[in-house]
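Here is a short note on the model you sent. Please read the points in order with the structure open beside you.

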Amino acid sequence: MRIKRLSLTQFRNYKRLQLDFSESLNIIIGENAVGKTNILEAIEVLALTKSHRTNDKNLILENKSLARIKGVVVVDKIVRNLEIELQEDSKKIKINSTAIAKLSDYIASLNVIVFSPDDIEIIKGSPSIRRNLLNVELSQISKQYLVVYNQFNKLLKTRNEYLKILYTNHLADQDYFQILTEKMIEKEILIYTMRKQYIDKINESIAPIFQDIHSDFSLQIHYEPSVVFSSYEEDVMKEELKKVYQKNQQKEQSYGMTLYGPHRDDFSMYLDEKNLKIYGSQGQQKAAILAYKLACIPIFLEKTGTKPVLLLDDVFSELDVKKQNKLLKYIGKDIQSILTTTDVKQIRKSLLEQATIFQVASGTVERK
Ligand SMILES: Nc1ncnc2c1ncn2[C@@H]1O[C@H](COP(=O)(O)OP(=O)(O)OP(=O)(O)O)[C@@H](O)[C@H]1O
Ligand SMILES: [Mg+2]
């Protein structure tokens, strides 16, 4: 998968911008605050329909009411024109000029893996950051996941409302509540299963990648589902979830919310069986996240038949030449990557020679 062209109108600090990317390595160079990250963010929004950094409003050029991002994307020689138009309180999404109503019909039109300085939050931040990461990745590789996840969220909301009703009104319909719970369990089983399988797959390759790019420790991800199952067989999960909800109904009623389910999942990273969040050095934590993202690439390829586009924000600048070379082994060929840096001196010459370079000065970009 490649993004050939990106066109921006009134997005962040760009009044208008058009860039043509190469199929492999693209490097965006510029001083601080000139708009390098904004370009990657625009591609992220085009792919995922939202930015991990902020809400839509801040993406629109100051004092304007609308921003537009267009991209020409090529997958297996098929060319698609993607478009996202953002207004303060609305969003229009199009593929080849046709409006798309459902997110699940759009996601995966452009798949991306984002490497960002904010990634450290994947280790240090709250569980919702890690759940969101899993959701974004799984939604890109499985339409079914996104559809079921949305259904689950709706059921969760209804169930939460009903828990509040049950708490205040003891005559409220229990049967309806049981049906809601059963329907929600059905969705949960798929979400738990797909998350488990995804993390298992990452664990198949993350350790050697970490050893290659960093050091000789064994890196593993531990999935920490909010309900611990004795096995991931459907029937077993169903029974165990039913039991959890039966056992905790009073508690859930008094809290007025569903306390168990995929919306409470988490995962942790372990280096030689030690929790990276607690024991890891900053360098180890960063390398672990890098290894995690690199381990996702072959899964995307396997599940979608094409590699995602890699967006690397300021990643190279932090690595010494040796580590740059290691990383390049994974991202330097047969995949499109777009990376930013402030200091061209920090990037080795041979890398610059094989790359397409974009020089950014505030609000304008020149392809070299
Ligand atoms: N909605 C907006 N309208 C106009 N300008 C904006 C908007 N949002 C952000 N900016 C401007 O964009 C610039 C920051 O862009 P960006 O984050 O892409 O910089 P950068 O080149 O990545 O910098 P750094 O090297 O520090 O990471 C700032 O000057 C900021 O004021
Ligand atoms: Mg930046």
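Predicted model: local features only at pLDDT ≥ 70, side-chain atom pairs only at ≥ 80, totals over all residues.

1. Start with the overall division. The protein chain splits into domain 1 (1-111 + 306-368) and domain 2 (119-304). Their centres, taken over C-alpha atoms, are 29 Å apart. To the contact, domain 1 gives 22 residues and domain 2 gives 17 residues.

2. Next, the area between them. Domain 1 and domain 2 bury about 1700 Å² between them. Carbon and sulfur atoms give 67% of that area. Which residues of domain 1 lose the most area to domain 2? They are Ser104, Thr306 and Tyr330, which together make up 30% of what that side buries.

3. Now the polar side of the contact. Two salt bridges are counted between domain 1 and domain 2. Five residue pairs are in polar contact there, both residues being at pLDDT 80 or more. Helix α10 (residues 321-331) supplies six residues, the largest share of the side of domain 1 that touches domain 2.

4. Turn to the six-stranded sheet. This sheet is open, its pairing is mixed, and its order is β8-β12-β13-β3-β14-β15. At the edges are β8 (112-115) and β15 (364-367), each pairing on one side only. On average, neighbouring strands are turned by 20 degrees against each other, direction ignored.

5. Strand β14 (residues 356-361) pairs with β15 in the antiparallel sense, over four bridges. Val360 stands opposite Val365 in β15. Helix α9 (residues 282-304) also packs on the sheet, where it touches β8 and β12 (309-313). The direction of α9 makes about 175 degrees with that of β8.

6. There is also a three-stranded sheet. It is open and antiparallel, in the order β9-β10-β11. Why is one side of β9 (219-224) and of β11 (274-275) left without a neighbour in the sheet? Both stand at the edges with a single partner strand, so one side of each has no neighbour there.

7. Finish with β9 and its surroundings. β9 and strand β10 (residues 266-271) pair in the antiparallel sense over six bridges. Leu219 has Leu271 in β10 as its bridge partner. Helix α5 (residues 174-213) lies across β9 and β10, at about 165 degrees to β9.

Methods: Residues numbered from 1 in each chain as written. Chains lettered and ligands numbered in written order. Heavy atoms only, no water. Pairing = 2+ DSSP bridges. Helix = DSSP H or I, 4+ residues; strand = E, 2+ residues; numbered from the N terminus. Axes fitted to C-alpha atoms, helices over the stretch in contact; angles between N-to-C directions. Contact = heavy atoms within 4.5 Å. Domains from an automatic or database assignment. Buried area = accessible area lost by both parts, 1.4 Å probe. Salt bridge = Lys/Arg side-chain N within 4 Å of Asp/Glu carboxyl O. Polar contact = N/O pair within 3.5 Å; in protein donor to acceptor, adjacent residues only side chain to side chain.
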